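Good morning, and thank you for coming. Please look at the structure on the screen while I take you through some of its contacts.

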There are 2 protein chains.
Amino acid sequence: MLILIDQDGVLADFERGFHRAWMASGHPYPAIDLAERRQFRVRDDYPESCQPAVDAIYTAEGFYRDLPPIAGAIDALRAMLAEGIDLRICTSPLNHYRYCVPEKYQWVEQHLGREFVARMIVTKDKTIVHGDILIDDNPQIHGSRTPDWQHVLFDQPYNRHREGPRMSWANWRDVLLKP
Amino acid sequence: MLILIDQDGVLADFERGFHRAWMASGHPYPAIDLAERRQFRVRDDYPESCQPAVDAIYTAEGFYRDLPPIAGAIDALRAMLAEGIDLRICTSPLNHYRYCVPEKYQWVEQHLGREFVARMIVTKDKTIVHGDILIDDNPQIHGSRTPDWQHVLFDQPYNRHREGPRMSWANWRDVLLKP
């Protein structure tokens, strides 16, 4: 079994990083709590007038590097490998790749170790990558072909409108390994 | 038809960049001309005592960014797209990813344009990527599965021992589009 695992919103806590940075920025618009987030892309939950400030946060140097891990993610990946499940981290970079791309690598090295970096696949089009399962918080994954993998949604407040298999790091074994 | 195209040694002239940088470094060991290169990895053609100096060249800031394009490569990619051939740049990063990874993106943006960056796939394992053809100068592509794609070797002096379909940017139409 080969499992593809998205990075932001599944391993790295983009939401917590963004919320923290928005608070620290001192912007007058109040930070939106995670429980109130409704759109996959954080910029779509903030008003039009905030968008340059929103974009400035995640395109800044250090944003991706300093994201905290999502609770349970690191232990779950280590457990998967220990149980003989092959896995890759399959991540789409920002168009503004300058800090985002190398910092995604740095993040994996910091939290999962240098060996793990070889498991990274950076691609805008995930449908082109082979796998049995893709764990991703994005409710709508577009690409150039019909994927081999089954999409298992990683549970987040902003994707609860979407039907289909869903998991978190608290129940991954039940969802992924059920007979 | 989906064609995957390797970056270094196919689009970006790693060999010319390395040769130039080795000459400029003033190292007493003479630079090996491209025609005399025999191993896929340049470090394997230099003696053991040179290896720290060899590694220092391609892990330096700016090395990947400043590689010249291989003659004909940019025009060929533009022609492929104009003729309705879908393509992706499929590249394996150094373990020492710090400059290599973002500079591969910069290189594509500089030489092929910002839109083209969305066609990049960065992965150590190319067998996991779907495609009909992979154009690659590496004579031995290892990975976790039997690939979908057929490997067409991009002709270089260091891969002439290997049998099988082979092309250059002078004859890509004859090799790839033959009936």
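In this predicted model, helix 1 of chain B, residues 14-25, packs against helix 2 of chain B, residues 51-58. Their axes lie 10 Å apart, and the angle is about 120°. An angle from 65 to 115 degrees would count as roughly perpendicular; helix 1 and helix 2 of chain B are therefore oblique to each other. The crossing of these two helices of chain B is right-handed.

Which residues of helix 1 and helix 2 of chain B meet? From helix 1 come B:F14, B:F18, B:A21 and B:W22, and from helix 2 come B:A53, B:V54, B:I57 and B:Y58. By class, this contact between helix 1 and helix 2 of chain B has eight nonpolar residues, with no polar and no charged ones.

Let us turn to a second pair of helices. Helix 3 of chain B covers residues 73-82, and helix 4 of chain B covers residues 97-112. Their axes come within 11 Å and cross at roughly 75°, which makes helix 3 of chain B roughly perpendicular to helix 4 of chain B. Here B:I74, B:L77 and B:R78 in helix 3 meet B:W107, B:H111 and B:L112 in helix 4. By class, the contact of helix 3 with helix 4 of chain B has four nonpolar residues, one polar and one charged.

I now move to the interface between the chains. Chain B contributes 28 residues to the contact and chain A contributes 26 residues. Between them, chain B and chain A bury about 2100 Å², with 60% of this area on carbon and sulfur atoms. Which three residues supply more than any other three of the area that chain B buries against chain A? They are B:Y97, B:Y105 and B:I128, which supply 31% of that area.

There are also charged pairs to consider. Between chain B and chain A the count is two salt bridges. B:R88 forms a salt bridge with A:D125, and their closest N and O atoms are 3.0 Å apart.

Over all chains, the count comes to 32 salt bridges. One of them joins the side chains of A:K126 and A:D6, at 3.0 Å from N to O. A:K126 lies in the loop between strand 3 (120-123) and strand 4 (133-136) of chain A, and A:D6 in the loop between strand 1 (2-5) and helix 1 (14-25) of chain A, so the pair ties together parts that are 120 residues apart in sequence.

Thank you for your attention.

Key: Residues numbered from 1 in each chain as written. Chains lettered and ligands numbered in written order. Predicted model: local features only at pLDDT ≥ 70, side-chain atom pairs only at ≥ 80, totals over all residues. Heavy atoms only, no water. Axes fitted to C-alpha atoms, helices over the stretch in contact; angles between N-to-C directions. Helix = DSSP H or I, 4+ residues; strand = E, 2+ residues; numbered from the N terminus. Parallel < 35°, antiparallel > 145°, perpendicular 65-115°, else oblique. Left-handed = near helix turned anticlockwise from the far one by under 90°. Contact = heavy atoms within 4.5 Å. Nonpolar A, V, L, I, M, F, W, Y, C, P; charged D, E, K, R; others polar. Buried area = accessible area lost by both parts, 1.4 Å probe. Salt bridge = Lys/Arg side-chain N within 4 Å of Asp/Glu carboxyl O.
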